[in-house]
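Visitor: Before we start, could you show me the structure, so that I can learn to read its features one by one?

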Amino acid sequence: MRSVQGGAAPEAAASQIAIRSREIRLVTGLVLGAFLLTHFSNHALGLVSVEAMEVGRAWFNRLWRNPVGTVLLYGSILVHFLLALLALYRRRTLRMPLREAAQLALGVSLPFLLIAHVVGTRIEWALTGHDSGYPEVVRNLWVLNPDIGARQAIALVIAWLHGCLGIYFWLRPKPWFSSAALILYTGAILVPVLALLGFAEAGRDMAEAPERFGQNPAAAPADFLPMAGPVLYALFGGLLAATVAARFIRSGLLWSRRVRVFYPNDQVATVPLGFSVLEASRIAGIPHISVCGGRGRCSTCRVRVLEGHHRQPPPTAQERGTLARIKAGPNVRLACQFRPTHDVSVVPLLSTGRNGVTSLVRSGRAQGQEQEIAVLFCDLRGFTTLAERRLPFDTVFILNRYFEAVGESVEDAGGYIDKFIGDGVLALFGLRTTPQQAAQQALDAALRIKAALAHLNEEYESEFERPLRIAMSLHAGPAIVGQMGYGQATSLTAVGDTINAASRLEGLAKELDVELVISEDLATRAGLDLSDRDRQIVQIRGRAAPLGSWIIPQADSLGR
């Protein structure tokens, strides 16, 4: 036990370093993204005129050429590149999904693509005081040296693509990402397109009327300027070469001690000590889900340890936090964070079949996400007794008319029918709206259902011994929404405490023989004042805090 704990301390320290490195890399990446956004925006002003580009450049220089901006920008470039090399070194295997490989490759190549541009603009200005304006830059890159201009345009687009991939990996697990994805994707495409069009338009103007922009001002000679490019290439190239060499050396040392990871169906991955289970899966070519790319930001890569659990290092703080959030059992680990020190037998907990990998790689709610929704449960009262006295075909006909009335009411209010359960219905609201709108839609649906049921009773009054009655509940709160099921039975649904509480409130409506029970959470979101109504505190099994609710004997008494 001592040896395991002793080995766990360096592992925990290394994990904390990795977390801090990712945080710093994110911050420096956002700084560089802000620089690119302002730079591209300046280029896009070429769609107006070259003079507009120059006015924008003055503001651009005030932002990035002051001492604070300079340190922030070039410090971020250096730190971001060094952290990219650190991430490259820390990777136990270079087998990774295409998006991750693209982000890493683009990030490492960026300095080499941008050195010539930086030397010709910022370093020349720093050494000689010569400030290249847009007329001079556009003339050099568009009119005189179009091949160099094309390379610089490609370099800037690659830089933008690298930044977009980083932001995508950062935002993808966020609950709101799917609803904002279209706007983000549109902006990611428009920014470089407008920038390139603006630069091209400025080049066309200068080619058609060169005399309008004068000649290039002469630059003061600088003895060190010709050496700046080669020195920077050598510096960044040396750092990259040293990182690759360090990987080879570490690989040779690590392979001196190996660990075997056993999977179902007699699959085995043999990896050096220090590799994670996810890395072992990738090396062995074993399908293994990891939505966040192995960064410990989700739990999709989790595995159940079947044998060898007690000989392994304990989870790090990051892994413990994720496991606690999903209330994982003691033998469940995150494959991307779990680095076994002895042979271990595991089984991935998320399927890699058609409903596993296929659905998880799709965007949107197929991956599952937590969001604020409103829930409506409704159930027919005494329908079982009614069905016993009717022919089967008549029962199905009446039930389908009821489902039709409820379904149309929910959809007209802006909701989504999750499922039909016997003669009950579960409906969700707020999949694409705010929590406040979702609560108002759920309330509207309940009133529509009441009106539709009254119409149904009137239409079939002669056939019913007594009118159909309904019990409904409305609740709002967080839930996990995603594609769940198997095969043809897979559908969008929601699970969690909010669903359980709404079901319990519907049971309360039956117990009290009322038409509607509304939770305080939903009433608050919908802006309802129910202070003159009967209020009850409901204890929900498995829920620590009781749930305040309002009792509404007749749903239509709330009005429209």
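Guide: Let us begin with a single side chain, Asp 343, which is partly exposed with a relative accessible area of 31%; here buried means under 20% relative accessible area, exposed over 50%, and partly exposed in between (1.4 Å probe, protein chains only). This is a predicted model, in which local features need pLDDT of at least 70 and side-chain atom pairs count only at pLDDT 80 or more, whereas totals for chains, interfaces and linings use all residues. Residues are numbered from 1 along each chain as its sequence is written, and side-chain values use heavy atoms, with hydrogens and water left out.

Visitor: With which residue does Asp 343 form a salt bridge?

Guide: A salt bridge is a side-chain nitrogen of Lys or Arg within 4 Å of a carboxyl oxygen of Asp or Glu. In this case the partner of Asp 343 is Arg 260, and their closest N and O atoms are 2.9 Å apart. Arg 260 lies in strand S1 (residues 258–263) and Asp 343 in the loop between strand S4 (332–334) and strand S5 (344–348), so the pair ties together parts that are 83 residues apart in sequence. Helices (H or I, at least four residues) and strands (E, at least two) are DSSP runs, numbered from the N terminus.

Visitor: How many salt bridges does a search of the whole structure find, and which residues are joined into one network?

Guide: The search finds 17 salt bridges, and those that share partners join Glu 201, Arg 204 and Asp 205 into one network. Within it, Glu 201 and Arg 204 meet at 2.5 Å, N to O, and both lie in helix H7, three residues apart, about one turn of the helix. Glu 201 is partly exposed at 25% relative accessibility, and Arg 204 is partly exposed as well, at 37%.

Visitor: How many disulfides are there?

Guide: A disulfide is a covalent bond between the sulfur atoms of two cysteines. Counted as a pair of cysteine sulfur atoms within 2.5 Å, the total here comes to zero. Cys 301, for example, is in no disulfide, and the nearest cysteine sulfur, that of Cys 336, is 3.8 Å away; Cys 301 itself is buried, with a relative accessible area of 1%.

Visitor: Where does pLDDT stay under 50?

Guide: pLDDT is the predictor's confidence in each residue, from 0 to 100. Where pLDDT is low, the predicted coordinates should not be read in detail. The protein chain averages 79, and 80% of the residues score at least 70, but the value stays under 50 over residues 1–12 and over residues 354–366.

Notes: Contact means heavy atoms within 4.5 Å.
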